[in-house]
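I opened a notebook on this structure to record what I looked up, entry by entry. The sequence and the model come before the notes.

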Amino acid sequence: MNNEEMGKQIFMFFFNNIKQGLQALANEFKKYSQEKSHEKNALKLEEKKLELRESFQDNYVHGKQNVKELMKQNQQLNSIDISTDSSLRSFNKIAKNHGVDFAIKQNPATKQYVAFFKAKDADVIASVFAEFSSKELNKKTKKESLIGKINDREKAAKKMQNEKQNQSDISEKSMSGKEVKNAEAREL
């Protein structure tokens, strides 16, 4: 082999090694750029998700709503019985103060009202229902005591009327007794 051929083979060897190295570098750069584009796409996707959540929350109804709106939120629902129509207003007020999403529907068979709420809000609903129950009990005891007071005052008024009537009867008798004495004195 002559020097010229040997030089060509060495050159070709280095050239092939450099070519392979550049190809490997190009492949690594391609992978890197794909990873970066995936990261960018993932960031864009996260941003879109956040925008959707925010837009959903803007359209999202808080507090009292109907059962369909509550079910659209893809949450498991629980329910609790509320006995009377008069207590609905106080239940609504307490639940809104606690920031609970709920729906109220009347059971046609029993004519009782049922409050639906998200299962994750069970602890909050427990405190709402405890406050609601205490208010309802206080209302009933206040009403009973008011009725009792009215009955007591009626009895006292009747008693006073009877006493006045008895006093007037006594005074009439005493007056009639004086007249008898006056009449006896005239006769003498």
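I began with the scale for exposure: a residue is buried when its relative accessible area is under 20%, exposed when it is over 50%, and partly exposed in between, with a 1.4 Å probe and protein chains only. I am working from a predicted model, in which local features need pLDDT of at least 70 and side-chain atom pairs count only at pLDDT 80 or more, while totals for chains, interfaces and linings use all residues. I number residues from 1 along each chain as its sequence is written, and side-chain values use heavy atoms, with hydrogens and water left out.

**Entry: overall layout**

I took helices (H or I, at least four residues) and strands (E, at least two) as DSSP runs, numbered from the N terminus. I found four helices and three strands in the protein. Along the sequence they follow the pattern α-α-β-α-β-β-α. Of the 188 residues, 15% count as buried. The accessible surface is about 15,800 Å², and carbon and sulfur atoms hold 54% of it; such areas come from the Shrake-Rupley method with a 1.4 Å probe, and for residues only the protein chains shown count as cover. I then looked at contacts, meaning heavy atoms within 4.5 Å. Among those between residues at least 6 apart in sequence, 68% join residues at least 24 apart.

**Entry: the strands**

How do strand 1 and strand 3 pair? I counted two strands as paired if DSSP finds at least two bridges between them. Strand 1 (residues 77-82) runs antiparallel to strand 3 over six bridges, and leucine 77 stands opposite lysine 118. Strand 2 (residues 102-106) is also antiparallel to strand 3, over five bridges. There I noted lysine 105, whose bridge partner in strand 3 is valine 114. Strands 2 and 3 make a hairpin with six residues between them, and lysine 111 in the turn has a positive phi of about 60 degrees.

Why is strand 3 largely enclosed by the rest of the structure? Five of the six residues of strand 3 (residues 113-118) are buried, so the strand is largely enclosed.

**Entry: salt bridges**

I used this rule: a side-chain nitrogen of Lys or Arg within 4 Å of a carboxyl oxygen of Asp or Glu. The structure holds two salt bridges.

One of them joins the side chains of lysine 36 and glutamate 39, at 3.8 Å from N to O. The two are three residues apart in helix 1, so about one helical turn separates them. Lysine 36 is partly exposed at 35% relative accessible area, and glutamate 39 is partly exposed at 44%.

Another joins aspartate 101 and lysine 118, with the closest N and O atoms 3.1 Å apart. Aspartate 101 lies in the loop between helix 3 (88-97) and strand 2, and lysine 118 in strand 3, so the pair ties together parts that are 17 residues apart in sequence. Are these two residues buried or exposed? Aspartate 101 is buried at 5% relative accessibility, and lysine 118 is buried with a relative accessible area of 5%. I also found their side chains listed as a polar contact of 3.1 Å; that term means a pair of N or O atoms within 3.5 Å, where within protein one must be able to donate a hydrogen and the other to accept it, and residues adjacent in sequence count only if both atoms are side-chain atoms.

**Entry: helix 3**

I listed the buried residues of helix 3 as Leu88, Ser90, Phe91, Asn92, Ile94 and Ala95. Asparagine 92 has a relative accessible area of 13%. Leaving out residues up to four places away in sequence, asparagine 92 touches Lys64, Phe102 and Ile104. Serine 90 is buried as well, at 12%. The C-alpha atom of serine 90 is 7.1 Å from that of phenylalanine 132, although 42 residues separate them along the chain. After helix 3 comes glycine 99, whose phi is positive, near 70 degrees.

**Entry: a nonpolar patch**

Which residues form the nonpolar patch on the surface? They are Met6, Ile10, Phe13, Phe14, Ile18, Leu22 and Leu25, with about 730 Å² of accessible area together. Patches take residues with over 30% relative accessible area and no salt bridge, joining like charges within 9 Å and nonpolar side chains (Val, Leu, Ile, Met, Phe, Trp, Tyr) within 5 Å. I checked phenylalanine 14, which is in helix 1 (residues 3-59). Phenylalanine 14 counts as partly exposed, at 48% relative accessibility.
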